[in-house]
Amino acid sequence: MNLSTDHLAVRTTCAYCGVGCGVQATPLADGVIAIAGDKLHPANKGRLCVKGSALGETVGLDGRLLYPQLRDAGGLRRVSWDEALDKVADGWRAIIDEHGPDAVALYVSGQLLTEDYYVANKLMKGYIGSANIDTNSRLCMSSAVAGYKRAFGEDLVPLCYDDLELADMVVLVGSNTAWCHPILFQRILKAKEARPEMKLVVIDPRRTATCELADLHLPVKAGTDVWLFNGLLSYLARIGAVDPRFIAQHTNGFDAALATANVDCSDPAAVAKICRIELAVLMEFYEAFAATRKTITAYSMGVNQSSAGTDKVNAIINCHLIGGRIGKPGMGPFSITGQPNAMGGREVGGLANMLAAHMDLERADHRDVVQTFWDSPAIADKPGLKAVDLFKAIEDGKVKAVWVIATNPIVSLPDADQARRALEKCDLVVASDIMQNTDTNAYADVLLPALGWGEKDGTVTNSERRISRQRAFLAAPGEALPDWKIISLFAQRMGYGGFDFGGAGEVFDEHARLSGFRNAHGDVPRAFDMSGLGGLDNREYDDLEPIQWPVRRTAAGELQVEARLFKDHVFAHADGKARFIATAPRAPMHAVSEEYPLSLNTGRVRDQWHTMTRTGKSATLADHIAESFVDMHPQDALLHGVREGELARVSSAWGAMVARVQHGGGIPRGSIFVPIHWSGQTSSDARVGALVNPVVDPVSGEPEFKHTPVRIEQFRVNWHGFILSRDELDLDSVAHWTRVQGRQFARYELAGRNTIDDFSGWARGLLAVRDPEADWLEYEDRSAGVYRAVHVVNDRIEQCLFLSPRQDMPPRAWLASLFVKDQLSEIDRVGLLVGMPVEKGADTGPTVCSCFGVGRNTICQAIVEKDLKTVPEVTACLKAGGNCGSCVPEIKKILVQTRAEAEEARL
Ligand code: SF4
């Protein structure tokens with residue numbers, strides 16, 4: 001009998017980062033989804049990182065928003081689609097009639113598929129007649145867009161991923177690629193393994209996991225990148241590492257850019273001082289850059305998320321233009337996008353300052369192309385409000401209705417409490433989402449259920465301009481609809497034609513055809529052209545293989561694709577030339593001060609995604625880091641009176657949060673790092689967006705997430721504790737809590753200020769144990785303030801709670817492992833109140849390799865007992881690090897530490 005499930009496998013694309021890996025999803029029995037990398041996808045060739053591998057754990061229906069709902073005095077109530085959409089349409093119509101089209105807005109997301117994005121943009125710019133549609137991609141890559149547009153004339157990523165393997169030197173700037181784009185990082189490492197002479201340089205204030213495998217790390221002071229790259233431009237000019245022919249024939253603005261760079265950055269010693277790095281390290285980088293023609297400078301949020309983000313991008317591009325290092329294999333500037341479809345949003349004009357298909361709002365000929373193609377009653381003719389300004393306008397009452405789609409601005413925007421105030425004041429808030437409870441949905445007047453990953457159909461575009469299909473393999477749950485359909489139904493209710501799409505394929509077709517309309521041989525040429533994909537029938541759309549744009553059809557009907565751009569050194573400015581941009585360096589607007597002496601840097605952790613509405617469902621992903629943290633230098637901790645392992649309150653002029661202090665993230669003196677993922681749903685007060693200053697880049701409007709002046713102080717509590725519970729708990733009565741998903745339980749870390757007189761009664765109340773006869777094991781040391789309780793039902797652990805005035809509680813891994821057992825053994829029961837197994841080796845420790853579930857204790861034990869010396873030896877022994885490779889830097893660190901400790905003990 002053939003038991004193969006291959007015929008059930010659906011080829012789709014990962015829902016997370018901009019690498020855009022191909023995924024093979026196979027629905028099995030009981031709702032289980034087997035996930036594997038798609039060997040045929042050119043981005044990942046079969047590999048997936050741990051987030052991609054865990055996609056199957058995130059598709060369950062728990063917590064899903066399944067029906068339209070309206071909020072009235074009695075709270076939310078379920079309504080029909082008709083009633084919900086009538087409410088939205090009536091509200092928008094009344095507001096537009098009274099206040100004009102700019103009084104309504106869409107705030108959308110890089111999580112949307114291109115088809116969703118296209119319809120949303122068409123609605124706002126062609127029918128409502130306002131450009132008030134912005135996207136959370138504004139928060140991650142709008143500086144990259146603005147930089148490309150200034151330099152090349154259009155938002156054009158010159159390179160493809162293969163170039164990263166062809167380069168002789170890859171410079172990663174402001175990018176913890178090992179954690180945030182793991183498969184791309186693995187591709188770079190594999191290339192380096194094959195060609196050890198290939199150099200990897202990392203420019204990052206933090207010593208991240210990416211640095212562990214780099215040849216050179218420049219730990220520059222945050223915000224000094226323009227000095228660094230202006231210094232490089234100046235150096236390259238000085239030593240003659242220039243291509244005068246290329247500069248003369250293919251660029252403008254060189255003299256002005258060089259003169260600006262020379263003002264402050266012609267002396268490497270001065271640059272090294274400003275960047276706070278050693279001169280020798282700076283010169284090693286400059287000399288290597290000059291000597292290595294095939295160099296790629298890849299950058300990400302550390303460059304983009306800055307009030308000088310666009311200048312940083314152009315300072316980097318300038319250094320490639322000076323040597324004509326662009327348009328050839330293995331060289332050029334390369335922005336790596338954060339979200340799965342930030343690029344698709346750029347194509348359709350999802351940003352408030354763009355028109356569809358890379359055309360400009362400010363250009364009458366572009367507006368004419370788009371309006372003529374859409375045959376629309378209106379066309380926006382001025383930029384709309386960018387994300388931060390949009391929420392200010394909502395609070396000011398200028399924008400009276402906002403529709404938030406697939407994003408969570410109350411968590412992710414800077415000055416996030418301001419976003420909350422804005423939504424509180426807004427006359428009509430609509431939210432389309434896949435989850436019922438999010439921080440943002442709590443303020444929605446109308447909730448609209450959208451399809452999620454695995455349920456919806458469409459396309460996404462990754463960082464190398466590759467369009468891939470996301471395909472449905474699950475039935476639509478409840479009454480959820482695809483976003484493009486929801487928007488189309490709304491548009492039809494508003495009386496607009498042009499929204500009678502029969503499916504995602506028809507939307508894609510229109511998008512592809514618009515890109516070619518009056519383009520290649522027409523009167524308004526643009527580089528963005530995917531007209532070769534216009535006219536696909538449903539079958540061809542369903543079967544579409546990953547393909548890069550530009551993609552056109554030859555006269556013979558063949559698809560013609562350009563893997564890398566500017567091969568002929570013709571750029572998209574009207575004169576065909578690229579622009580050097582003069583980038584005068586400037587410091588972040590808000591300097592640290594006596595009141596706020598530290599600089600806050602924010603970012604992602606390895607195994608979580610954005611506000612955890614999806615990755616938060618996966619126990620595998622929660623294993624790596626279970627609560628928010630403040631990473632800082634030990635000397636700063638000492639100076640500010642906080643201690644590793646204890647809670648601290650971090651505050652800025654905009655807001656405050658609480659998280660646990662830790663060291664070890666390679667944080668330089670004077671700054672701290674906090675992850676972005678925790679929200680009001682997963683913590684009492686660990687939402688870092690509330691602290692972030694709302695300063696934005698003047699060109700791109702991208703906020704300064706990498707620098708906010710803050711202070712840190714002890715968060716005093718009387719006790720610490722943790723709970724593992726099969727049921728969700730209401731912990732609002734405790735001073736601080738965070739929550740992550742375990743296997744068949746939720747894990748809460750908590751701390752309190754209250755004095756507990758009756759431990760047992762208090763614990764039963766907190767755990768909602770009402771039955772006085774419950775199987776309740778407890779231990780109390782009243783004088784020491786230590787209390788432990790375990791609730792067992794039918795010999796199965798139901799809940800456990802550990803409290804102490806100190807941080808001396810047992811590790812959680814072994815207790816967590818008991819929740820997958822149907823029955824506790826006698827030996828398990830012996831260890832319960834100690835929180836430790838009786839048998840040696842049963843506690844594997846905190847997870848290091850999420851792919852194979854290998855804990856730190858297991859790795860340390862193997863290193864010592866088997867005398868393992870290298871990461872490949874650890875992988876051969878335990879499999880750890882053998883799949884996505886994201887944990888390899890961590891294993892390398894553990895190896896060094898464990899061997900050093902073992903050596904010390906031996907001596
Ligand atoms: S690197 Fe990981 S998160 Fe990014 S697309 Fe690939 S599998 Fe998904």
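Visitor: Why does Ala406 count as partly exposed?

Guide: Its relative accessibility is 23%. Buried means under 20% relative accessible area, exposed means over 50%, and partly exposed is in between, using a 1.4 Å probe and protein chains only. So 23% puts Ala406 in the middle class. By the way, this is a predicted model: local features need pLDDT of at least 70 and side-chain atom pairs count only at pLDDT 80 or more, while totals for chains, interfaces and linings use all residues. Residues are numbered from 1 along each chain as its sequence is written, and side-chain values use heavy atoms, leaving out hydrogens and water.

Visitor: What else is there to say about Ala406, and where is it found?

Guide: Ala406 has a positive phi of about 60°, although it isn't a glycine. You'll find Ala406 in the loop between β14 (401-405) and α18 (409-412). Those labels come from DSSP runs, numbered from the N terminus: helices are H or I with at least four residues, strands are E with at least two. Gln744 is another non-glycine with a positive phi, about 70°, and it lies in the loop between β30 (736-742) and β31 (745-752). With a relative accessible area of 46%, Gln744 is partly exposed too.

Visitor: What makes Asp82 and Arg493 a salt bridge?

Guide: The rule asks for a side-chain nitrogen of Lys or Arg within 4 Å of a carboxyl oxygen of Asp or Glu. Here the closest N and O atoms are 2.6 Å apart, so the pair passes. Asp82 lies in helix α2 (residues 81-99) and Arg493 in helix α20 (residues 483-493), so the bridge ties together parts that are 411 residues apart in sequence. Asp86 also meets Arg493 in a salt bridge, again 2.6 Å from N to O. Because Asp86 belongs to α2 and Arg493 to α20, that pair links parts 407 residues apart in sequence.

Visitor: How many salt bridges does the rule give?

Guide: The count comes to 57. One of them joins Glu713 and Arg711, with the closest N and O atoms 3.8 Å apart, so that pair still makes the 4 Å limit. Bridges that share partners join Glu595, Arg649, Arg711 and Glu713 into one network.

Visitor: Why are Ile827, Val830 and Val838 called a nonpolar patch?

Guide: Patch members need over 30% relative accessible area and no salt bridge; nonpolar side chains (Val, Leu, Ile, Met, Phe, Trp, Tyr) are joined within 5 Å, like charges within 9 Å. Ile827 is found in helix α27 (residues 826-832). Together the three have about 260 Å² of accessible area, worked out by the Shrake-Rupley method with a 1.4 Å probe and, for residues, only the protein chains shown as cover.

Visitor: And what makes something a nonpolar core?

Guide: It's a set of buried Ala, Val, Leu, Ile, Met, Phe, Trp, Tyr and Cys residues joined through side-chain atoms within 4.5 Å. The largest one has 251 residues, and Trp92, Leu228 and Phe285 have the most contacts inside it. Apart from that core lies another, of 22 residues, among them Leu731 and Tyr748.

Visitor: Which residues is Trp92 in contact with?

Guide: Contact means heavy atoms within 4.5 Å. Leaving aside neighbours within four places in sequence, the partners of Trp92 include Val104, Met124, Trp403 and Phe490.

Visitor: What kind of peptide bond joins Trp549 and Pro550?

Guide: A cis one, with omega about 0°. Pro550 sits in the loop between β19 (547-548) and β20 (551-553).
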